Amino acid sequence: MAGRTAPHSLTRPVGNITRGTTAVNRLRRSDRRLINDDLVADRLARAPDPLVVDLGYGASPWTTFELAARLRTIRADVRVVGLEIDPQRVVPGRDGVTFARGGFELAGLRPVLVRAFNVLRQYPESAVPDAWSTVLAGLAPDGLLVDGTCDELGRRCAWILLDRDGPRSLTLAWDPFTVERPSDLAERLPKALIHRNVPGEPIHALLAAADRAWAHAAPMAPFGPRVRWRAAAQALRAEGFPIRPYRRRLRDNVLSVPWSAVAPLDPS
């Protein structure tokens, strides 16, 4: 492994042991968006060492193996390391994926991408800035952090994409056939936003506007929830919300905006 960093066994893990709930294919929606995100794909493709860390993968490493398989469609030589702060959850590696003990300090690794799903959800909101800072400081120069959360079946998914300068965007992705309205994702917002879904905050305004647009797009319902959401998203753009457009049809309903559109008014 000359020229490449390996997990440092003497590095003291930073963080707390979480519940570790996981399930096969739970993170499929975020994985689909990551491998189709131009920024993520470009950073991974250009990285001298295509190292990815799955931080806090839980009691079983299924989603880590799934992440590795999907990222290899971008770059076949991607290296994935799963880190868990609980030593009882560290399992032997296989299929080109390795596992080690580690926390927000990343076990001394310098990855180009870190995925931390359903980790910070179990921390207080006040812990988020320090956790972000610790992870971001350990990234490769062009590294990215995905801080997200989802429900137990992966039908409702939300994540913040960050680089070393801070948050870049918020993305919501949901199952078109089981979620009634966009604001149903409020309960799965990342910790940095979940307590900000109150009148006067940008995230509340966005979700309220998304619900209105969804209701106004009801005449499109006979064509299916995906078609209806495309009409709703277009209406949101017409209102001035900077909803990211997608060139091709998507399996999921997706709402993605720059961080500036949802950043808390009082980040303290």
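Which residues line the second largest cavity? The model is predicted, so local features need pLDDT of at least 70 and side-chain atom pairs pLDDT 80 or more, while totals for chains, interfaces and linings use all residues. Residues are numbered from 1 along each chain, and side-chain values use heavy atoms, without hydrogens and water.

The lining consists of Leu 55, Phe 104, Ala 116, Leu 120, Ala 131, Trp 132, Val 135, Leu 145 and Asp 147. A cavity is a set of points on a 1 Å grid over the protein atoms alone where a 1.4 Å probe fits but cannot get out, and lining residues have an atom within 4 Å of a point. Helix H4 (128-138) and strand E5 (144-150) each contribute at least two lining residues, and the largest share, 3 residues, comes from H4.

The largest nonpolar core has 51 residues, of which Leu 55, Leu 83, Leu 172, Trp 229 and Leu 255 touch the most other members. Such a core joins buried nonpolar residues through side-chain atoms within 4.5 Å, buried meaning under 20% relative accessible area with a 1.4 Å probe. Helix H6 (residues 202-216) supplies the largest share of this core, 7 residues. A second, separate core of 28 residues includes Ala 47, Val 78, Val 112 and Cys 150.

Definitions and conventions. On a 1 Å grid over the protein atoms alone, a cavity is a set of points where a 1.4 Å probe fits but cannot get out, and a pocket is an open set with protein on both sides within 12 Å along at least five of seven lines; lining residues have an atom within 4 Å of a point. Helices (H or I, at least four residues) and strands (E, at least two) are DSSP runs, numbered from the N terminus. Buried means under 20% relative accessible area, exposed over 50%, partly exposed in between (1.4 Å probe, protein chains only).
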